[in-house]
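Please load the model in your viewer and keep the selection panel at hand. The stops below are meant to be followed in order, each with something to select.

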Amino acid sequence: MAVLRALVRLGVVAALIASAVGMQNVPAGAQAVPRQLRIAVGIDADTLDPAGGTTTTVNNMVDYFYETLVDVESVPGEVRPKLATRWQVARDGRSITFQLRPGVRFHDGSPMNAAAVKATIERLLDPKVRNPNRYLFAPITAVETMGELSLRLQLSQPSPFVLTGLGTTTAAILSPAAVQRAGDRFSVAPVGAGTGPYMFKEWRRGESILVERNPNYWGKRPVFDEVLFRVVPDAGTRLAQLLAGDVHMAMLPPAPDVKGLRQNPRVTVVEAATDRTIFLVLNNQWGPFRDVRVRQAMNYAINKKAILASVLFDLGTVAVSPCPPMMFGGVAVQEGGWPYNPIKAKQLLAEAGYRDGFEVNFFSPTGRYIQDFQFAQAVAAQLRNVGVRANLSTMDWPSYVSTVVAPPDRTRVQMIVLGWAWPVLDCDGALYGQFHSGAAHPPKGLGPAFYRNPRVDQLLDEARSTIDDAKRKELYREAQQLIWNDAPWVFLWTQKWYVATVRNLKGVRVLPIEKWDTSNATWEP
């Protein structure tokens, strides 16, 4: 690895990649079915406790060994059976009754039954358990077992989101015995806790996560004995490993190479639009960003289209709303997004008392989003043109998450790069999880802008208590307009999601919620 890092510094890896992309006569990964499927990811996990998860990629990895009651990820807009075979919402909307799948056991051998589901849901509601998405389950007032495989959730009010929330990784069903055995180590070694097609085997911090096939899985048997998630923050290195056949799939290889990879018969690029919004968090309770004119100036100061074209190679679309229009309730608040207008930006800064600009600490991850640190450098350069001096730095992902979830009195956030993709294609999570002042502010939530607008709170609360779709859309429309004008973020773009695989690996899918799916993947020698 040290040698590889040295090669990266010397630019040799880029040359190898360019050469390999052109070597179309040498088949990559031409081999028999490998025992172990190796996937290169850009970040390490911060926790393996699904309740505490904050990151789609981490959730994607833990999905290999956990499962939920229902499936909301495979087909947008649909709720499908998983560990629950059927469910019934009461006529008054205040309860949901589930019938569980018979014959399913956790990896530790204990039965997946109503008692286990009840314990899991009560754990989600327990304030002593870290759960940044607890608000998803807030309407649940009681869980009643009605037999070995039947239970009922009582709700405080009709809810359009509780059922879909139970399909997110956060609500993965856990073995109570495994959770108890692991104790404080559950977040790093959840042995035996899931029901999924693979079982957790090992986590080597900063290096890899290994899972092995569940021999007693109730569903379709996966092809590979093991799956290894290798942590490779550098996108060029991920691609080099793929082209060398050292891994079989790479998450987000370098954006500049995607066009060439699409033409390379040795490689398959699997890609699709997603609901991942990329933005700059402006801490609305910090210094100049308390003034809405400064926040609006920041939106005018950055040329998103130019950065998309030159740094992201058009692997995204300029954001037109806080909630992508592809989601239920999403609307295009402003076609084309906030326009690039540095003159208007300087004017607003002067009106706010910052004629000479100001200095701000600016954090960006490396390897989490497409070209993240690279576009952050472009952003910093453009801000300097209007007098904003952004001091850019980076850190590993677990440290980054710790920074994001710090409470307002201890936060280091002034301005940071962040992305938000909700696992259900509905504006509820896209907006409530970032902009509701009662739920989104860390450490309770994941909205480090610390945005506050009482009217927005009211609209989002009202949308959560009605099951009238038309009314919900109107409430979300007004909320999006208010948030857009308040500019708690610099709205950048929604990004594509893509992975590259060796040509032998078939059947990999990319979901619109920015996950990959290898559950039906096969190998063709």
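**Stop 1: salt bridges**

The count of salt bridges comes to 22, where a salt bridge is a side-chain nitrogen of Lys or Arg within 4 Å of a carboxyl oxygen of Asp or Glu. Before going further, note that this is a predicted model, in which local features need pLDDT of at least 70 and side-chain atom pairs count only at pLDDT 80 or more, while totals for chains, interfaces and linings use all residues. Residues are numbered from 1 along each chain as its sequence is written, and side-chain values use heavy atoms, with hydrogens and water left out.

Select Glu226 and Lys201, which form a salt bridge with their closest N and O atoms 3.2 Å apart. Glu226 lies in strand β10 (residues 226-231) and Lys201 in strand β8 (residues 198-204), so the pair ties together parts that are 25 residues apart in sequence; helices (H or I, at least four residues) and strands (E, at least two) are DSSP runs, numbered from the N terminus. Glu226 counts as buried at 6% relative accessibility, whereas Lys201, at 42%, counts as partly exposed; buried means under 20% relative accessible area, exposed over 50%, and partly exposed in between, with a 1.4 Å probe and protein chains only.

Lys496 in strand β17 (residues 489-502) and Glu271 in strand β12 (residues 267-282) are 225 residues apart, and their pair links distant parts of the chain. Glu271 is partly exposed at 27% relative accessibility, Arg262 is partly exposed at 40%, and Lys496 is partly exposed at 29%.

**Stop 2: the disulfide**

A search of the whole structure finds one disulfide, defined as a pair of cysteine sulfur atoms within 2.5 Å. Select Cys323 and Cys427, whose sulfur atoms are 2.1 Å apart. This pair links distant parts of the chain, with Cys323 in the loop between β13 (316-318) and α11 (342-351) and Cys427 in helix α14 (residues 427-435), 104 residues apart. The torsion about their S-S bond is about -100 degrees, so the disulfide is left-handed. Cys323 is buried at 0% relative accessibility, and Cys427 is buried with a relative accessible area of 0%.

**Stop 3: helix α9**

Select residues 292-301, helix α9, which is mostly covered, eight of its 10 residues being buried; among them are Val294, Met298 and Tyr300.

**Stop 4: the largest pocket**

Which residues are the closest to the centre of the largest pocket? Select Glu67, Lys82, Tyr217, Asp517 and Ser519, the closest to its centre of the 36 residues that line the largest pocket. A pocket, found on a 1 Å grid over the protein atoms alone, is an open set of points where a 1.4 Å probe fits, with protein on both sides within 12 Å along at least five of seven lines, and lining residues have an atom within 4 Å of a point. Colour β20 to see the element that gives the most to the lining of the largest pocket, with three residues.
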